Amino acid sequence: MRVGLLIVAHRHIGSEILATASRTLGICPLQTESLEVFNEDERNELLERAGALITRLDQGAGVLILSDAYGSTPSNVAVAAGTDRRCRVVTGLNLPMLLRVFNYPGRSLDELAESAAAGGRAGIIAVGEGAPPS
């Protein structure tokens, strides 16, 4: 039984980053869905859609929810939809974060949440003077 993965992000960010990660690795090792959030979307409708996706994705091991920007509508929907469910939410979605999650698909929900956060942080590097060599 594996953790399900839900990406909740602004317009097309989720689907594009998911497609890029899947193409990069050649697989999508977790059951994954992307909920695209548009400015005109109603919050209650988004919550209903997110809840339905979480229900579909949770095969018993829980659902990791990745969102793009903390405090934004997508992250607020992710947090609200995941409350009172077997979910963990990690914000700041980036490609290294998703690749880290996909590289460790057998980990528990809590371990995947920590892997996602660590992968996201490790993928942010200020290049230039004083930056570590690549």
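Strand 1 (4-10) and strand 3 (63-67) run parallel, joined by five bridges. Strands here are DSSP runs of E with at least two residues, helices are runs of H or I with at least four, and both are numbered from the N terminus. Two strands pair if DSSP finds at least two bridges between them. One of the bridge pairs puts G4 with V63 in strand 3.

A word on the ground rules. This is a predicted model, so local features need pLDDT of at least 70 and side-chain atom pairs count only at pLDDT 80 or more, while totals for chains, interfaces and linings use all residues. Residues are numbered from 1 along each chain as its sequence is written, and side-chain values use heavy atoms, with hydrogens and water left out.

Back to strand 1. Its other partner here is strand 2 (residues 32-37). Six bridges join these two, again parallel. H10 stands opposite V37 in strand 2. The chain gets from strand 1 to strand 2 through helix 1, and that β-α-β crossover is right-handed. Right-handed means this: point the strands away from the viewer, and the path from the first strand over the helix to the second runs clockwise.

How many of the seven residues of strand 1 are buried? Six, so the strand is largely enclosed by the rest of the structure. Buried means under 20% relative accessible area, exposed means over 50%, and partly exposed is in between, with a 1.4 Å probe and protein chains only.

H12 counts as partly exposed, at 42% relative accessibility.

Next, the other side of strand 3. Strand 3 and strand 4 run parallel, with five bridges between them. I65 faces V89 in strand 4. Together with helix 3 (residues 73-82), these two strands make a right-handed β-α-β unit. In the loop between helix 3 and strand 4 sits D84. D84 also has positive phi, near 65°, and is not glycine. Is D84 buried or exposed? Exposed, at 77% relative accessible area.

Now S67, in strand 3. Its relative accessible area is 0%, so S67 is buried. Its side chain reaches the backbone nitrogen of S75 at 3.1 Å. Setting aside residues up to four places away in sequence, S67 touches V8, P74, S75, A78, V90, T91, G92 and L93. Contact means heavy atoms within 4.5 Å.

On to the nonpolar cores. A core is a set of buried Ala, Val, Leu, Ile, Met, Phe, Trp, Tyr and Cys residues joined through side-chain atoms within 4.5 Å. The largest has 22 residues, and those with the most contacts inside it are L5, I7, L64, L66, V90, L98 and V101. Strand 1, helix 1, strand 3, helix 4 and helix 5 each give two or more residues to this core. There is a second, separate core of 15 residues, including I54, V63, V77 and C87.

What does V90 touch? Beyond four places in sequence, its contacts are L64, I65, L66, S67, M97, A113, A116 and A117.

That takes us to helix 5 (residues 109-122).

The buried residues of helix 5 are L109, L112, A113, S115, A116, A117, G119 and G120. Buried residues of this helix pack against strand 3, strand 4 (87-91) and helix 4 (95-103).

Two residues in helix 5 to finish. S115 is in helix 5, and S115 is buried, at 6%. A polar contact of 2.4 Å joins the side chains of S115 and R107. Such a contact is a pair of N or O atoms within 3.5 Å; within protein, one must be able to donate a hydrogen and the other to accept it, and residues adjacent in sequence count only if both atoms are side-chain atoms. Leaving aside neighbours within four places, S115 is in contact with R100 and R107.

E114 is also in helix 5. E114 is partly exposed, at 48%. C-alpha to C-alpha, E114 and V90 are 8.6 Å apart in space, and 24 residues apart in sequence.

Definitions and conventions. Expected span 1.5 Å × (residues − 1).
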